[in-house]
Amino acid sequence: ACESALAGQGRGPASETKEDDDDDEEEELGPFHRLNLQYPGITRIHQNPDLYAVENFLTHDECDRIIAKARPHLKPCLVNNERNGKVERDPARTSTNANLPRGEVPTIARKITELANCRADQ
């Protein structure tokens, strides 16, 4: 799982778009950033929707670091209960998640910002 990171976009890569359509593309992408298609190891594996894989995105040490830092903070995932409108645990789901501050994993945060064409504070 750590050998590649997958990322999707709502439209084709920047190299396939026209410059005069930039405003429309940004509007269609909404809050999303266009991927850095020059990122080492990136490969498109599907189009419409676009899906990319990045070979060896994380090293084994980075994966181990994420696991070690996240494990003590894992909590059951919450869902929106459509019956009562509350965000709560669904007993049928077994997934967990943990949020890690960017400062805890700086090399990983740098890789993500380079791939996603965004600033670290976004």
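Glu62 is buried at 6% relative accessibility (buried is under 20% relative accessible area, exposed over 50%, partly exposed in between, with a 1.4 Å probe and protein chains only). Its salt-bridge partner is Lys111, with the closest N and O atoms 2.8 Å apart, and Lys111 is buried too, at 12%. This is a predicted model, where local features need pLDDT of at least 70, side-chain atom pairs count only at pLDDT 80 or more, and totals for chains, interfaces and linings use all residues. Residues are numbered from 1 along each chain as its sequence is written, and side-chain values use heavy atoms, leaving out hydrogens and water.

**Salt bridges**
- The structure has 4 salt bridges (a side-chain nitrogen of Lys or Arg within 4 Å of a carboxyl oxygen of Asp or Glu).
- Glu62 sits in helix H2 and Lys111 in helix H3 (residues 106-116), so their bridge ties together parts 49 residues apart in sequence; helices here are DSSP runs of H or I, at least four residues, and strands are runs of E, at least two, numbered from the N terminus.
- Glu114 pairs with Arg110 at 3.1 Å between the closest N and O atoms, and the two are about one helical turn apart in H3.
- Glu114 is partly exposed at 36%, as is Arg110 at 42%.

**Aromatic pair**
- There's 1 aromatic pair (ring centres of Phe, Tyr or Trp, using the six-membered ring for Trp, within 6.5 Å; planes under 30 degrees apart are stacked, over 60 edge-to-face, the rest tilted).
- Tyr39 and Phe57 make up this tilted pair, 5.8 Å centre to centre with 45 degrees between the planes.
- Tyr39 is buried at 10%, and Phe57 is buried at 7%.
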